[in-house]
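The following note is intended for a colleague who is meeting this structure for the first time. Please read the numbered points with the sequence and the model open alongside.

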Amino acid sequence: MPEKDNPEIKLLTRLVKKEQSAWKEFYNSYSRELTSICRRYLKGNDDIHDILQNSFIKMFHHIDTFNYMGEGSLKAWIVRIVINEVLQYIRRFSKMEFSAMEEEIIDKEDEEEPELSDIPLEELMTMIKFLPDGYRIVFNLYVFENKSHKEISQLLAISEGSSASQLHKAKRKLIHEINIYKQFKKEAL
């Protein structure tokens, strides 16, 4: 597709010109997805609203510095802004703890990764949402944002070992919760 016919480039051109209708279109196109990203990290709706507002303000003020690198680069840029805003908020206001001493009692059956195909996505996302803060944040950064432990350690000002430990504990806790869910469903039949 020639660049002049690319809808993303057309929208970007309008955004750079600060056209109000373009910003409304942009907001309507991306706000739902960006809200979902925030919900993976935060529990409070007011916090999510504030972060989205700050993120869109930042996008508005910096859209002229955005360098279009091809299809999907705009989305990657705005997701990065939202995640940075979320992490900045967490560092500022959260009492996120990365406890090395918090060990869960996990059954032997919880050591194997369970089959996920019969777990509704909404249920799985709820399980992730209720992980302890440190577990949830590291899990989200690693699994959904494809960050390495080195990158996570830099973003959260923790050691790479703490990042790996939090991810391991998050996975174990999720496996445990999935097994409880499956057992409950089995008993309900």
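1. Helices (H or I, at least four residues) and strands (E, at least two) are taken here as DSSP runs, numbered from the N terminus. The model is a predicted one, in which local features need pLDDT of at least 70 and side-chain atom pairs count only at pLDDT 80 or more, while totals for chains, interfaces and linings use all residues. Residues are numbered from 1 along each chain as its sequence is written, and side-chain values use heavy atoms, with hydrogens and water left out.

2. Overall composition. The protein chain contains eight helices and zero strands, and its pattern along the sequence reads α-α-α-α-α-α-α-α. Of its 189 residues, 40% are buried, where buried means under 20% relative accessible area, exposed over 50%, and partly exposed in between (1.4 Å probe, protein chains only). The chain exposes about 11,900 Å², of which carbon and sulfur atoms supply 51%; accessible areas come from the Shrake-Rupley method with a 1.4 Å probe, and for residues only the protein chains shown count as cover. A contact means heavy atoms within 4.5 Å. Among contacts between residues at least 6 apart in sequence, 70% join residues at least 24 apart.

3. Helix 2. This helix covers residues 20–41, has 22 residues and reaches 30 Å from its first C-alpha to its last, close to the 32 Å expected at 1.5 Å a residue. The expected span is 1.5 Å times one less than the number of residues. A kink of about 45° is centred on Tyr30, the bend being the angle between axes fitted to the seven residues ending at a residue and the seven starting there. Tyr30 is also one of the buried residues of helix 2, which include Trp23, Phe26, Leu34 and Arg40. The buried residues of helix 2 pack against helix 1 (7–16), helix 3 (45–62), helix 4 (73–93), helix 5 (121–129) and helix 6 (133–143).

4. Helix 6. How many of the residues of helix 6 are buried? Eight of its eleven residues are, and the helix is mostly covered. The buried residues run through Gly134, Tyr135, Arg136, Ile137, Val138, Phe139, Asn140 and Leu141. They pack against helix 2, helix 4, helix 5, helix 7 and helix 8 (160–188).

5. Phe139. This residue lies in helix 6 and counts as buried because its relative accessibility is 8%. Leaving out residues up to four places away in sequence, Phe139 touches Ile128, Phe144, Leu167, Ala170, Lys171 and Leu174.

6. Phe144 and a surface patch. Phe144 lies in the loop between helix 6 and helix 7 (149–156). With a relative accessible area of 31%, Phe144 is partly exposed. Together with Tyr142 and Val143, Phe144 forms a nonpolar surface patch of about 220 Å² accessible area. Patches are made of residues with over 30% relative accessible area and no salt bridge; like charges are joined within 9 Å, and nonpolar side chains (Val, Leu, Ile, Met, Phe, Trp, Tyr) within 5 Å.

7. Salt bridges. The structure holds eight salt bridges, each a side-chain nitrogen of Lys or Arg within 4 Å of a carboxyl oxygen of Asp or Glu. Glu33 pairs with Lys75, the closest N and O atoms being 2.7 Å apart. Glu33 lies in helix 2 and Lys75 in helix 4, so this pair ties together parts 42 residues apart in sequence. Glu33 is partly exposed at 33% relative accessible area, and Lys75 is partly exposed at 32%. Glu145 and Arg40 also form a salt bridge (2.4 Å, N to O). That pair links distant parts of the chain, with Glu145 in the loop between helix 6 and helix 7 and Arg40 in helix 2, 105 residues apart. Both Glu145 and Arg40 are buried.

8. Positive phi values. Which residues other than glycine deserve a check of the backbone? Lys18 has a positive phi near 60°; it lies in the loop between helix 1 and helix 2 and is partly exposed, at 34% relative accessible area. Ala157 has a positive phi of about 55°. Ala157 is found in the loop between helix 7 and helix 8 and is exposed, with a relative accessible area of 70%.
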